[in-house]
Amino acid sequence: MNRPALLTAPLLLFLLITFVAPIGAFLWRGVTDAEVAPVLPRTVAALVSWDGAATPDEAAFAALVADLRDARARDRETGIGSIPRAAARLNADRPGFRGLLPMTARRVEASIEGSMRDAVLAISEEWRDAETWGAIRRAGGPLSAFHGLMALDLRQDAAGSIRAVPDDQAVFRAVLMRSLWISLTVTAACLLLGWPIAWMIATAKGLPATLLLAAVMLPFWISLIVRTAAWMVLLQREGVVNAALGAVGVGPLALMMNRFAVVLAMVHILLPFMVLPLVAAFRGLDPRLPRAAASLGAAPWRVFLRVTLPLCLPGIGAGCVLVFIQALGFYVTPALLGGPNDQMLAWFVGFYATRSVNWGLAAALSVMLLAAVGLCVALYGKLAGFRRPGAA
Amino acid sequence: MTRGLLWVVAVLVALFLLAPIIAILPLSFSSGSFLFYPLPGLSLRWYADFFTSDFWLPALWNSLGIGVAAAGLATLLGTPAAFGLWRMKGAFRAIAMGVVLAPMVVPVIVVAVALLLAFGPIGLVATYTGLVIAHAALGVPFVVVTVLAALEGFDPVQLRAASACGAGPLRAFFRVCLPQIAPGVAAGAIFAFATSLDEVVIALFIAGPAQRTLPRQMFAGLNDSISLTTAAAAAVLVGLSVVLLLVVMWLQRRGQAAR
Amino acid sequence: MLHRRTVLKGALAASALPSVADAQGRDLTVVSWGGAYQDAQREVYFRPFQQATRTRLLEETWDGGIGVLRSRIASGANTWDVVQVESEELLIGADEGLFEPMDWAAIGGRDAYIPEAVNDFGVGAILYSFIIAYDRARTPTGPTNWADFFDTARFPGKRGMRKGPKTTLEMALMADGVPPAQVYQLLGTPAGVDRAFRKLDGMKADIAWFERGSQPPQWLASGEVALTVAYNGRISAANASDGRNFAIVWTNNIFTLDSWVIMKGSPNRARALEFLKFVGQPDIQATLPPKIPYGVTAKGVNEKLSPELLANLPTAPQNIGTALHLSDRFWLDNLDRLTQRFNTWVSR
């Protein structure tokens, strides 16, 4: 036991540091909030007992002013913009905060006579709104449901009740459904197209079978980006397909930047992942069984449904899960061949991570994506078992 | 009758798989700049463009260098680990296997963003080191799976025989086991290399302009303006893939012969 | 045997590559907008600078968005040194501390540049316009204004528009009959924004969204779109270098400028300033407009340009006469809010 564990240790350590830990840390951001509490500690504390309905009292305003003054002094000293970062986080909850927080911080630096509440309200009427304070309380951390709710098009109001976001802001449930739907379509199409060719590879002999297998293996080895590029060249307005259509007097058609192009290219890219497990399943099938069923008088469709299909089911399931998992995570192909409403979950993860400083949301969407993948892997484990890790 | 129909469909599907790749290859030899047929003439101008531009050739070298380094690292870590997993049983093996195979199933976008955020503060973004580490992590499962498959055909009794003859465990591994599973190890390294050569998303997120790989440069080219230089780059990658496929097939034949 | 060699080679490469990269430090990385524009910059700015200083300059291409810059700074994963940004990105980034202050003394002094190009955190790079373009070969009688651009009955076919609220909302309002002088006043009200989105709703299915400036001329050339919003220079460049016959409609074009900034914390600040000083010289700048007709920002450049060339620039009197000047102030206040709404609208 000891020595084998020692042999795996370097690899496990490597993966722990370069893979598991970074992903864990990233996903952790989806359920936590760490930007606002360091900047507004007293405000967050003052809001714990607040009812969430009326504008908070003088104590909360005083805490806000004290917090902002300290944070501004600290930011000036260290050169790290903690206020803009807190503002960015609050802005994701309540648009307008990106300007409101730094502006308020600038204006409260001057000494204030009398009520802090009146002084802050004079800076902006936004501070009268309970939802403004609700956003700060929601972002107070350390644990937070905000990003997870957001990824499901839900939000919590200042009083604490959860409801759907207005229709014109809802987007993620649609994206999730779209991703599942595209992946399902691609999987079904792969099964439909993969079955005949896998059957022939498994049952035919000699050169034809080898050629068919080569036709599956070659694209399998060719880079995804090359195959996506090939489809872009084919489907362009002035591309191969439209030129051919033009020669017979059709088109030109808009074949790119739509759902059709995305699904077509994804089927092309993922088809080998369906064919190879199917071939394995069909090869493992005892040809005598269907023949026996037929000789006992079963009609061909009955033989297929009652004998062939059940025997191959694990292989079919494995192929489907393999294709579905990969389809769910697609990024490059939809980005290049699809329009804005053909983008899948992966695109939004990338978007919120690099084009909008919203790592919490990117992480929450990733959790969603990983959960879907995890379910599929569990299913695969049930179907194919983990003993044989499959063909590489 | 049914079988005839199946044949027709199977051949059509094979064509569907091959046609797009076959269709773009001749375009890269066009003397014109259009992306359709018939070709106005043949020339190597797009390849000349590929080999003289400021971007494409360095990208090819980056891809090869990062691929070799990542495959080397993955093989170095993956081969002993596979050997360990082969001799292991029980819950620890299942967990270790899960960790090792995880890079195969976790969507690469999640890995890319996680690495961007983890590598950023420690200065590994836009470095060769960062990209090699990331690609090695992606390649590891392929090495482990392939080596494990090769070990299936290796009889552990030989190790006991070796130790009975006085060889230490390390010596036994290197002199008895490794020569027999070498084709599997090499195939695993090639799978890892191919994984790195194919990878776009992580390169997009954590590579800098100095580490541009060929797939990343192609992504930028496709996003910007599709020129036939991109088709030439595609042809270069196809050529590389075919070579890798042939090597793996040769190794597999050797691996079977060794048994 | 094969295995041992592979491993050895891999190990060698793994240990050699990073040490080389680390020893050299990061090369100056300059980020611009790709396509014909960056090709021109490479020829007149980047290569001559590398030759003059015998240093290596790395290029990167982006397609804008203040969020990209924010993410880079906040994640600590910034590898960009000099970036060409749009006018409201300059204001927002300066406000949020994303840029290093501009050292004007090091790049020739404020007086060496036209007043619009001078900012505490950036120096103007080019003056340009968003215009309507179409291919005369396919559309002999083209549109003449934004109302025509939105008229899918008279001008069938797809439209290229820039993916984002900025310029798109202005164009929608002008197409809806709002005079340029009232556009921002109206956009400042919820009703005005709703009106712009309603106008866009009517054409949503016909819009192809571009994210990179190189896409519009390419889409026009391939017939992917019938009409498109575009950057004036790239259309002229396609006519000049690819022999296209694209028309530019200058009526109510949206006029603005881009600036160079230095990213906060750049380890290459001194070399970045050296670069900006180099590309700020009138003699060097005068070589850009002949490649791609954008206005440049150093004083004394226009005297060096031919009258034909000057007439093609967005600053020519007949071109700027009806122009809407992009309000960086408006977008400073509203970019985030409207981008959020736009992204939701567009991805549904």
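Visitor: Are H13(A) and H15(A) roughly parallel or roughly antiparallel to each other?

Guide: In this predicted model, the axes of helix H13 (residues 259-284) and helix H15 (residues 300-328) of chain A come within 8 Å and cross at roughly 160°. Angles over 145 degrees count as roughly antiparallel. H13(A) and H15(A) are therefore roughly antiparallel.

Visitor: What is the hand of the crossing where H13(A) passes H15(A)?

Guide: The two axes come within 8 Å of each other. Where H13(A) passes H15(A), the crossing is right-handed.

Visitor: How many residues of the contact of H13(A) with H15(A) are nonpolar?

Guide: From H13(A), the residues that meet H15(A) include Met266(A), Leu270(A), Phe273(A) and Phe282(A). H15(A) answers with residues including Ile316(A), Leu322(A), Val323(A) and Gln326(A). In this contact no residue is charged and three are polar, and the number of nonpolar residues is 16.

Visitor: How far apart do the C-alpha centres of domain 1 and domain 2 of chain A lie?

Guide: The domain assignment of chain A gives domain 1 as 37-140 and domain 2 as 172-383. Their C-alpha centres are separated by 51 Å.

Visitor: Where in chain B is Pro38(B) found?

Guide: The peptide bond from Tyr37(B) to Pro38(B) is cis, and its omega is near -5°. Pro38(B) belongs to the loop between H1 and helix H2 (45-52) of chain B.

Visitor: Is Asp153(A) buried, partly exposed or exposed?

Guide: Asp153(A) lies in the loop between H8 and strand E1 (154-156) of chain A. Its phi is near 60°, a positive value in a residue other than glycine. A residue needs 20 or more other C-beta atoms within 10 Å to be buried, and 12 or fewer to be exposed. Asp153(A) has 18 such atoms, so the class is partly exposed.

Visitor: Is Asn252(C) buried or exposed?

Guide: Asn252(C) is placed in strand E8 of chain C. Although Asn252(C) is not a glycine, its phi is positive, at about 50°. It has 23 C-beta neighbours inside 10 Å, and therefore Asn252(C) counts as buried.

Visitor: How many of the nine residues of H4(C) are buried?

Guide: Helix H4 of chain C spans residues 87-95 and is mostly covered. What covers its buried residues includes helix H3 (66-75), strand E3 (82-86), strand E8 (246-262) and helix H15 (328-346) of chain C. Among the buried residues are Glu88(C), Glu89(C), Leu90(C) and Leu91(C). The count of buried residues in H4(C) is eight.

Visitor: Which residue just after H4(C) takes a positive phi?

Guide: The helix itself covers residues 87-95 of chain C. Just after H4(C), a positive phi of about 75° is taken by Gly97(C).

Visitor: What share of the residues in chain B is buried?

Guide: Chain B has 11 helices and zero strands. Its C-alpha atoms fill a box of roughly 70 × 65 × 35 Å along the principal axes. Among its contacts between residues at least 6 apart in sequence, 76% join residues at least 24 apart. Of the 259 residues in chain B, the buried share is 55%.

Visitor: Is Gly184(B) buried or exposed?

Guide: Gly184(B) is part of helix H8 of chain B. Not counting residues up to four places away in sequence, Gly184(B) touches Thr146(B), Val147(B), Ala149(B), Ala150(B) and Gly255(B). Its C-alpha atom is separated by 9.7 Å from that of Val144(B), 40 residues away along the chain. With 28 C-beta neighbours inside 10 Å, Gly184(B) therefore counts as buried.

Visitor: Which helix gives the largest share of the side of chain B that touches chain A?

Guide: The contact takes 75 residues from chain B and 68 residues from chain A. Elements giving two or more residues to the chain B side include helix H1 (2-27), helix H3 (56-86), helix H8 (169-198) and helix H11 (228-258) of chain B. That side divides into 67 nonpolar, six polar and two charged residues. The largest share, 14 residues, comes from H1(B).

Technical notes
Residues are numbered from 1 along each chain as its sequence is written. Chains are lettered from A and ligands numbered from 1 in the order in which they are written. This is a predicted model: local features need pLDDT of at least 70, side-chain atom pairs count only at pLDDT 80 or more; totals for chains, interfaces and linings use all residues. Two residues are in contact if their C-beta atoms, placed from the backbone, lie within 7 Å. Helices (H or I, at least four residues) and strands (E, at least two) are DSSP runs, numbered from the N terminus. Ala, Val, Leu, Ile, Met, Phe, Trp, Tyr, Cys and Pro count as nonpolar, Asp, Glu, Lys and Arg as charged, and the others, Gly among them, as polar. Axes are lines fitted to C-alpha atoms, for helices over the stretch in contact, and angles run from 0 to 180 degrees between N-to-C directions. Angles under 35 degrees count as roughly parallel, over 145 as roughly antiparallel, 65 to 115 as roughly perpendicular and the rest as oblique. A crossing is left-handed if the near helix is turned anticlockwise from the far one by less than a right angle, and right-handed if clockwise. Domain bounds come from an automatic or database domain assignment.
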